[in-house]
Amino acid sequence: MDPTQAFCHNPHCPARGQPGRGNIKVHSHKEQRFRCTACGKTFVASTGTPFYRLHKARSLLVLVVTLLAHGCPLQAIVAAFGLDERTVADWYAKVGRHAHDVHHHFLGTRPLDLGHVQADELYAKCVGGRCWMALALAVPCRLWLGGVVGRVRDLGLIQRLVDLVRLAWLPGRALLLCVDGLGSYPTAFWRAFREKVFTGRRGRPSYRKPQCVWLGQVIKRRVGRVLVEVIRRVLWGSPEQVQQQLSQTRTGQQINTSYIERLNATFRACVAALTRRGRRLAHQDQTLGHGMYLVGCVYNFCWEHRSLRLRQAEGKKWQERTPAMAAGWTEHVWSSHELLAFKPPSTLHG
């Protein structure tokens, strides 16, 4: 038990959600409880994690979460471990919400020099219709920037995704945005990245496009199922600026969306409800969102990416890295247990 990394969860405590203040003491090693000297309340070490009030072994939860993150259907886990289906569904929801909090903690507190971002959307068959899942990827470090789920692929869905990209972007750094031909993207990026122009005159200031952000589109024309033409066009900036940014980030020779399309395939393989032909349909949008954040966090923090490894001068031939390591969010590969045990303090505020 390390009291220096713990923080108080009491909503009425003046030191709530603030680690490292010296107000947390060990109350009981046997019961794994801390005590806050600021408010006098005690709490267990697992507060704020999926392990809180868990009536099964932690190892079982970690094993079930690992299987869910690799696309194992819920019904198969129920049959293999003899668990109640409602128990596994409850764990799925808790872990999904926890992964959402972990991801947004890093996204909101660690802005990045993204360099090149690609965005795309994919559909999922749900009970009573179809759901859309929009995803964004920082290409140089292969970091999943987040995603949103909705019943309709409209401007509202795309705007929520673009706002996540804007939240992760370090202002002033060069950024290339590559998307498909969906008409909502230019409007959403304009609303998220536009800059105010102050002239000293009265009234509302006008807006302009940021000088260091460029937007490119890849439009694919199909006749039936056959691809007949690919049109690449630059909406913001010049072709020379786009080409220079592609060269600096080493992410291709021309405008493309191949990296996000490869990530879409990863999510389809790991989220059971995204299987193209299957009977494991999601009943609610929230269930699909929980699976998306679970897979996204495991992809960022726990899975080594072959294209990110670094050659070592001595010792091991290669240093394996995850997208979170390449982005500077962490310095080592996380285990599933470490992901579940991490408590993001920033999610307590607001």
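1. Start at the hairpin of β10 and β11. Two residues lie between its strands, and Gly224 takes a positive phi near 70 degrees there. Keep in mind throughout that this is a predicted model.

2. Now look at the two strands themselves. Strand β10 covers residues 213-223, and strand β11 covers residues 226-236. They run antiparallel, and nine bridges join them.

3. A salt bridge forms between Glu229 and Arg221. Their closest N and O atoms are 2.6 Å apart. Is Glu229 buried, partly exposed or exposed? Its relative accessibility is 33%, so Glu229 counts as partly exposed. Arg221 has a relative accessible area of 41% and is partly exposed.

4. Next, the salt bridges in general. Side chains of opposite charge can pair when their charged atoms come close. The count for this model comes to eight salt bridges. Two further examples follow.

5. Which side chain does Arg151 meet in a salt bridge? The partner is Asp285, at 2.9 Å from N to O. Arg151 sits in the loop between β6 (143-150) and α4, while Asp285 belongs to helix α8 (residues 285-301). The pair therefore ties together parts that are 134 residues apart in sequence. Arg151 has a relative accessible area of 34%, which makes this residue partly exposed. Asp285 is partly exposed too, at 25% relative accessibility.

6. The other example joins the side chains of Glu195 and Arg208, with 3.4 Å from N to O. Glu195 is in strand β8 (residues 195-197) and Arg208 is in strand β9 (residues 206-208). The two residues are 13 apart, and the pair links distant parts of the chain. Glu195 is partly exposed, at a relative accessible area of 27%. For Arg208 the value is 41%, again partly exposed.

7. Last, a helix pair. Two packed helices are described by the angle between their axes and the distance between the axes. Take helix α3 (residues 85-109) and helix α4 (residues 155-168). Their axes come within 7 Å and cross at roughly 50 degrees.

8. By class, the contact has four nonpolar residues, two polar ones and no charged ones.

How values were computed:
Residues are numbered from 1 along each chain as its sequence is written. This is a predicted model: local features need pLDDT of at least 70, side-chain atom pairs count only at pLDDT 80 or more; totals for chains, interfaces and linings use all residues. Side-chain values use heavy atoms; hydrogens and water are left out. Axes are lines fitted to C-alpha atoms, for helices over the stretch in contact, and angles run from 0 to 180 degrees between N-to-C directions. Helices (H or I, at least four residues) and strands (E, at least two) are DSSP runs, numbered from the N terminus. Ala, Val, Leu, Ile, Met, Phe, Trp, Tyr, Cys and Pro count as nonpolar, Asp, Glu, Lys and Arg as charged, and the others, Gly among them, as polar. Two strands pair if DSSP finds at least two bridges between them. A salt bridge is a side-chain nitrogen of Lys or Arg within 4 Å of a carboxyl oxygen of Asp or Glu. Buried means under 20% relative accessible area, exposed over 50%, partly exposed in between (1.4 Å probe, protein chains only).
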